[in-house]
2 protein chains.
Amino acid sequence: MAERIVIVGSGNVAEAMAVALTQAGTPPEQIFARNAETGGAIARKCGCAYAGEAAQLAPADLYIIAVSDNAVAKVAGGLDFGDAVVAHTAGSVGMDVLPAKIKNRAVFYPLQTFSKGRTVDLKPVPLMLEAETAKGRETVESVAMRLSDSVLWVDSQRRSRIHLAAVFVSNFANYMYSAGESLVAEAGVSFDILKPLITETAAKAVAAASPKLTQTGPAVRNDFQTKAMHVEMLMEKPNLKNLYINISQNIWETSKKM
Amino acid sequence: MAERIVIVGSGNVAEAMAVALTQAGTPPEQIFARNAETGGAIARKCGCAYAGEAAQLAPADLYIIAVSDNAVAKVAGGLDFGDAVVAHTAGSVGMDVLPAKIKNRAVFYPLQTFSKGRTVDLKPVPLMLEAETAKGRETVESVAMRLSDSVLWVDSQRRSRIHLAAVFVSNFANYMYSAGESLVAEAGVSFDILKPLITETAAKAVAAASPKLTQTGPAVRNDFQTKAMHVEMLMEKPNLKNLYINISQNIWETSKKM
């Protein structure tokens, strides 16, 4: 119940984890991070200790390594965790990027996008767990169930596929917003004008059993006339023109398979 | 103030317009539509008349032709509107698709996605107006300001560009949700798992001045390692693989211009 938890890292995921643990009534023992400014700020927010030197790492039952995917191996390799459970929070890398000398390796991956300055409620966020020992399984599950109503066991291979899906629905959807912004800018209006549409499109998909059921527009209707006009309008933007053609084609093919 | 309004059509836009007018205390005089079932249902919802034969078209000050973009010309061509103002609601076609015999042609375009069974509050939705006579301008503006807090004058050329932007932020973002669904399905999990991420991605962009500021992921970081792994995972899905490469490239190029 009262595991001692240390958060390693001071980025957006580290902050979200530390804040969620604090709100759940079990603040971390320590924020351990190179960056004293961002690490110290999270520690103050959670009323816990901060440290930045390997020798100062606090004893704990669970270390959550919340650093960028490519930094997990290096950061974890430089610290001594004793017999504790060590979980990384990365979607795209396997549990085995944690050094083999760690006795209880695990993964604690929140399927969400975290940004500076935005507080995210973890309760509805899926937490995807993996662990190689019984001790690891018990520890990460106990902590995860305190933070989220959606806890799943997902191995590294499935997790990397889910992470790829997240790139499509989050990073790539956001790029579509950017493309829209550049097009309305040419019509002399600001991105603001697209916001009610962005909100409703997401709300509609989330209310549906499948986004295929909420697909609208010229592509799913196979409206040649409108599509040809759009391609013509994008003639001087070859990147957007190619995307327009490819995505429209994919929408049409996906709709035929329904 | 008390214009008599007839809605022509019985699709999602027609229904949204009729309901919004009713909620504003000025229900339409009549729903005029071929389809007696859907047209009659809207009329009952709004406590107004329904008609489906050209000879039964009620006299009005404003006719709103809320039919699909490619049907505007044909539907409007078959009716006699007298001296009234006639506005279509289509984003992708010009005001001039309305027959030239109409004395007061106009456009009344709501920048939103409408679906059966979803009630949309029009208040925050941009209504984009165009009119070729003073009478037309006064009429559509008076009605629009009653329904929306965001009323803009936009000519046909700018409107078609904004409509194209809407295709990107709505139809294409929704396709990204579909692509994500197909990828998580292969990992044995349902689309539900992506919903908190979809909601937060849209909320974050809407809270920002520009979606470029909320772009995250391997593409904007130019994380070669993760991108190479993702492309490898998409080898047997050439459509998604090509999209992945092209969108990632566009994200990187867009970020460099900031």
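Visitor: Why is the meeting of the side chains of Glu186(A) and Arg161(B) called a salt bridge?

Guide: The term needs a side-chain nitrogen of Lys or Arg within 4 Å of a carboxyl oxygen of Asp or Glu. Here an Arg meets a Glu, and N to O is 2.6 Å. A word on the model: it is predicted, local features need pLDDT of at least 70, side-chain atom pairs count only at pLDDT 80 or more, and totals for chains, interfaces and linings use all residues. Residues are numbered from 1 along each chain as its sequence is written, chains are lettered from A and ligands numbered from 1 in the order in which they are written, and side-chain values use heavy atoms, with hydrogens and water left out.

Visitor: How many salt bridges are there between chain B and chain A, and how many over all chains?

Guide: Six link chain B and chain A. Over all chains, the structure holds 28. One of these joins Glu3(B) and Arg146(B), with the closest N and O atoms 2.6 Å apart.

Visitor: What makes the pair Glu3(B) and Arg146(B) tie parts together?

Guide: Look at where they sit. Glu3(B) is in the segment before β1 (5-8) of chain B, and Arg146(B) is in helix α4 (residues 134-147) of chain B, so the pair ties together parts that are 143 residues apart in sequence. Helices (H or I, at least four residues) and strands (E, at least two) are DSSP runs, numbered from the N terminus.

Visitor: How do you know that chain B and chain A are in contact?

Guide: Contact means heavy atoms within 4.5 Å. By that rule, 86 residues of chain B are in contact with 87 residues of chain A. The area buried between them is about 8,300 Å². Buried area is the accessible area (1.4 Å probe) that two parts lose on being put together, summed over both. Carbon and sulfur atoms give 64% of it. Arg161(B), Phe168(B) and Val169(B) supply 9% of the area that chain B buries against chain A, more than any other three residues.

Visitor: Which elements of chain B give two or more residues to the side that touches chain A?

Guide: They are α5 (156-186), α6 (195-207), α8 (224-233) and α9 (238-256) of chain B. α5(B) gives the most, with 26 residues. By class, that side of chain B has 47 nonpolar, 27 polar and 12 charged residues. Ala, Val, Leu, Ile, Met, Phe, Trp, Tyr, Cys and Pro count as nonpolar, Asp, Glu, Lys and Arg as charged, and the others, Gly among them, as polar.

Visitor: What makes a space a pocket?

Guide: On a 1 Å grid over the protein atoms alone, a pocket is an open set of points with protein on both sides within 12 Å along at least five of seven lines; a cavity is a set where a 1.4 Å probe fits but cannot get out. Lining residues have an atom within 4 Å of a point. Grid points are joined across faces, edges and corners, and a volume is the space filled by probe spheres set on the points. The largest pocket holds about 1,000 Å³. Of its 42 lining residues, the closest to the centre are Val13(A), Ala66(A), Val67(A), Ser68(A) and Asp69(A). α5(A) supplies the largest share of this lining, five residues.

Visitor: What is the volume of the second largest pocket?

Guide: About 780 Å³. It is lined by 36 residues. α5(B) gives the most to this lining, with five residues.

Visitor: What is the phi of Asn222(A)?

Guide: It is near 55 degrees, a positive value in a residue other than glycine. Most residues other than glycine have a negative phi. Asn222(A) lies in the loop between α7 and α8 (224-233) of chain A.
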